[in-house]
Amino acid sequence: MEQLSANKSFGGWHKRFRHRSSVLGCDMVFAAFLPPQAETGRVPVLYWLSGLTCTDENFMQKAGAMRTAAELGIAIVAPDTSPRGPDVPGDPDGAWDFGHGAGFYVNATQEPWATHYRMHDYVVNELPALVEAELPVSDLRSVSGHSMGGHGALVCALRNPGRYRSVSAFAPIVNPAAVPWGEKAFGRFFGQDWAQWLEWDSCALIARTPKDQAQERLPILIDQGDADSFLQTQLKPEALQQAASAANHPLTLRMQPGYDHSYFFIASFIDDHLRHHAQALLA
């Protein structure tokens, strides 16, 4: 693991690293904020998954999360949003909503995508194993994200009961099997196998959670701006609300008046999310 940079921040350190991913078959860059408490012991980790077109840098530079994370004693790890490199195929038309910067945190089954686009396995297994071996962090994990990353956070938690202590999201794509962004990505990653699409759809995953796994149902916190330009066409939080209600899955959906899809929105409510995760990570 090669350290690329280090910056002191709120008594802790923001660091960027490069490593070779065997899961993705390429070099990957990720960022980690280590709070001052990491100087004397292992700290829990919030994994942050960013949205379309982003890298690890967007959240770390724009969200304003480090002050509260330092106070609470929680590390934040932010991976990239897709595999990258000359050997990794991107969108054949050069579009921004698929391919490089748009891995959707799934494990693709169709070529040429299946060779590299296994972001779910990377985020859930490979990256935490590396982070926990090389950095002063514990195996207490939570997950959150924005937009495509909000979809990723929900799916990571729902598909892996017991892996995370808590989950939250900002403006997530909750029903990707039924909106244009998801239809484009899933059609390429999985072909026309509808059953595979539903394996990566939060609404479908909540709906089929076995009744005997009720104790594994993490309470979900979602913030959504009502002035978000993607609200009606791509995000549709009411679909998740309906699925959660039918399955008796705990969900807090907060519609925030006047807020859009930007990092101004995320910065306004990130402290609430950090404290939501601290209740589970520091209990």
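Select aspartate 56 and arginine 16: both residues are buried (under 20% relative accessible area, where exposed means over 50% and partly exposed lies in between, with a 1.4 Å probe and protein chains only). The model is predicted, so local features need pLDDT of at least 70 and side-chain atom pairs count only at pLDDT 80 or more, whereas totals for chains, interfaces and linings use all residues. Residues are numbered from 1 along each chain as its sequence is written, and side-chain values use heavy atoms, with hydrogens and water left out.

**Salt bridges**

Keep the opening pair selected. The side chains of aspartate 56 and arginine 16 meet in a salt bridge at 2.8 Å, N to O (a side-chain nitrogen of Lys or Arg within 4 Å of a carboxyl oxygen of Asp or Glu). Aspartate 56 belongs to helix 1 (residues 56–62) and arginine 16 to strand 2, and the pair links distant parts of the chain, 40 residues apart. Helices (H or I, at least four residues) and strands (E, at least two) are DSSP runs, numbered from the N terminus.

Next, select glutamate 2 and arginine 18, which form a salt bridge with their closest N and O atoms 3.0 Å apart. Glutamate 2 lies in strand 1 (residues 2–9) and arginine 18 in strand 2 (residues 12–21), so this pair ties together parts 16 residues apart in sequence. Glutamate 2 counts as partly exposed at 41% relative accessibility, and arginine 18 counts as partly exposed at 32%.

Then select Asp91, Asp97, Lys184 and Arg188, which a network of salt bridges links. The structure holds 13 salt bridges.

**Strand 4 and its partners**

Move to strand 4 (residues 43–49), where 7 of 7 residues are buried. Strand 4 pairs with strand 6 (residues 137–145) in the parallel sense over 6 bridges; pairing requires that DSSP find at least two bridges between two strands. Select valine 45 to find arginine 141 of strand 6 opposite. Strand 5 (residues 75–79) also runs parallel to strand 4, joined by 3 bridges. Here, tyrosine 47 has valine 77 as its bridge partner in strand 5.

**Helix 10**

Finally, select helix 10 (residues 263–281), which has a kink of about 50 degrees centred on phenylalanine 269. The bend at a residue is the angle between axes fitted to the seven residues ending there and the seven starting there. The buried residues of helix 10 include Phe269, His273, His276 and His277. At the N-terminal end, serine 262 caps helix 10, with a side-chain oxygen 3.2 Å from the backbone nitrogen of phenylalanine 264.

Notes
A polar contact is a pair of N or O atoms within 3.5 Å; within protein, one must be able to donate a hydrogen and the other to accept it, and residues adjacent in sequence count only if both atoms are side-chain atoms.
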